[in-house]
Amino acid sequence: MAKKQSKFLRGRSISPEPIRHNTKLVDLVDNAFLAYNAARLREACWLFTQKMLEPDVTVGVTLTGALTPAGLGMSALIPLIKAGFIDWMISTGANFYHDTHFGLGLKMHEGNAQTSDIVLRDEEVVRIYDIFFDYSVLLDTDAFFRRVIEAPEFQRPMSTAEFHYLAGRYVYERERKLGLRNKSLLSAAHEYDVPLYTSSPGDSSIGMNVAAKALQGNKLAFDPSLDVNETAAIVLAAKRGLIHGRGGKKKSGRSAIFILGGGSPKNFALQTEPQIQEVLGIDERGHDYFLQVTDARPDTGGLSGATPGEAVSWGKVDPERLPDAVVCYLDSTVALPMITAYALARHKPRQPRRLYERREEFMNLLMDEYKTSTRR
């Protein structure tokens, strides 16, 4: 009698075609990334392209690590925004600050990480590992932000999304005057009404310049409560189907979080569900899709390495959707360009959601459901 094949042997046979000089990236991912973290990267490409970009899914992206100085704003994030593949974002302030250099026509250069930092300091060259730039880049960008926040529209408390939208208009205009295009993430997000949040607004050179202007009487202040509630409202609107046009009390939409790195932006995005469920007492179950690219281990207890399974215990991820969670242990500077290229090749563009202009509508939904909850 023939032995019955184990159910664990139902995966496709590992027998890839040889890689050739004309092999396309999408075919490389589909056919040659068969095991270990190559397979996780393939699963990340599939999850993002086949499920997270469905019409009823709202995609939030989080950024940590110095991604924009490495040009990933221009090469990957802006194309994803233009294709309608990013609906809202949370990032470290540093990424938005260094992104602004490019919108101002300032230069970043490839360098050698083994160069003496003492020599670089003498040469007034600043280093982000193997990215070099002149110290004047910082001074010129600081001067730009200080001048911008002197404008009347900044003389009040606001969410970081409103700040980045208003500041993005100035970057957009500077790009236009310099004859630049598609250089700044801040500018592109303004053009496409993508809300940009910063979970720790004081932890960047933008926040440092805001603090400096406060010493001179400037009234700009970031309101973290607005950020917490606005991001929760975006997620609730996504889950209620309000964003893609089929809203209602019954769950009729989905929420996806694409995490690049980890840190504070990761938690700020995922805590939207505990804010909805635990704090506001609104009936919800968690995000539908969890995709993370990270080099952090789970066993150290840090949030950056926390698994989607652990997130389920907090209510951050819907337990029924856990099979759709992927963690790819890889450098974001490797994974993001490949996921971007794969998605642009495999999925047609989506209509931009322009969520920034709908924040008040989403906050009204949040308030209405909070008023009827039992947790007030």
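In what order do the strands of the open six-stranded sheet stand? The order is β7-β2-β1-β9-β10-β11, with parallel pairing.

This is a predicted model: local features need pLDDT of at least 70, side-chain atom pairs count only at pLDDT 80 or more, and totals for chains, interfaces and linings use all residues. Residues are numbered from 1 along each chain as its sequence is written, and side-chain values use heavy atoms, with hydrogens and water left out.

**View 1. The open sheet has six strands.** Strands are DSSP runs of E with at least two residues, and helices are runs of H or I with at least four, both numbered from the N terminus. Two strands pair if DSSP finds at least two bridges between them. β7 (196-198) and β11 (326-329) each have a single partner strand, so one side of each lacks a neighbour in the sheet. On average, neighbouring strands of this sheet are turned by 15° against each other, direction ignored. The axes behind such angles are lines fitted to C-alpha atoms, for helices over the stretch in contact; angles run from 0 to 180 degrees between N-to-C directions.

**View 2. Strands β9 and β10 run parallel.** β9 covers residues 254-260 and β10 covers residues 289-294. Five bridges join them. Leucine 260 has valine 293 of β10 as its bridge partner.

**View 3. Strand β5 pairs with β3 and with β4.** β3 (residues 109-110) runs antiparallel to β5 (residues 131-134), with two bridges. Here histidine 109 stands opposite phenylalanine 132. β4 (residues 125-128) is also antiparallel to β5, over four bridges. Isoleucine 128 faces isoleucine 131 across this pair. Two residues lie between the strands of the β4 and β5 hairpin, where tyrosine 129 takes a positive phi near 50°.

**View 4. Arginine 42 is buried without a salt bridge.** Arginine 42 belongs to helix α2 (residues 36-52). Buried means under 20% relative accessible area, exposed over 50%, and partly exposed in between (1.4 Å probe, protein chains only). A salt bridge needs a side-chain nitrogen of Lys or Arg within 4 Å of a carboxyl oxygen of Asp or Glu. The nearest side chain of opposite charge, glutamate 43, is 4.1 Å away. A polar atom of the arginine 42 side chain lies 2.8 Å from the backbone oxygen of phenylalanine 33.

**View 5. Glutamate 175 sits in helix α7 (residues 160-178).** Its relative accessibility is 4%, so glutamate 175 counts as buried. Contact means heavy atoms within 4.5 Å. Beyond neighbours within four places in sequence, the contacts of glutamate 175 include Gly103, Asn182 and Ser187.

How values were computed
Lys, Arg positive; Asp, Glu negative; His and termini not counted. Polar contact = N/O pair within 3.5 Å; in protein donor to acceptor, adjacent residues only side chain to side chain.
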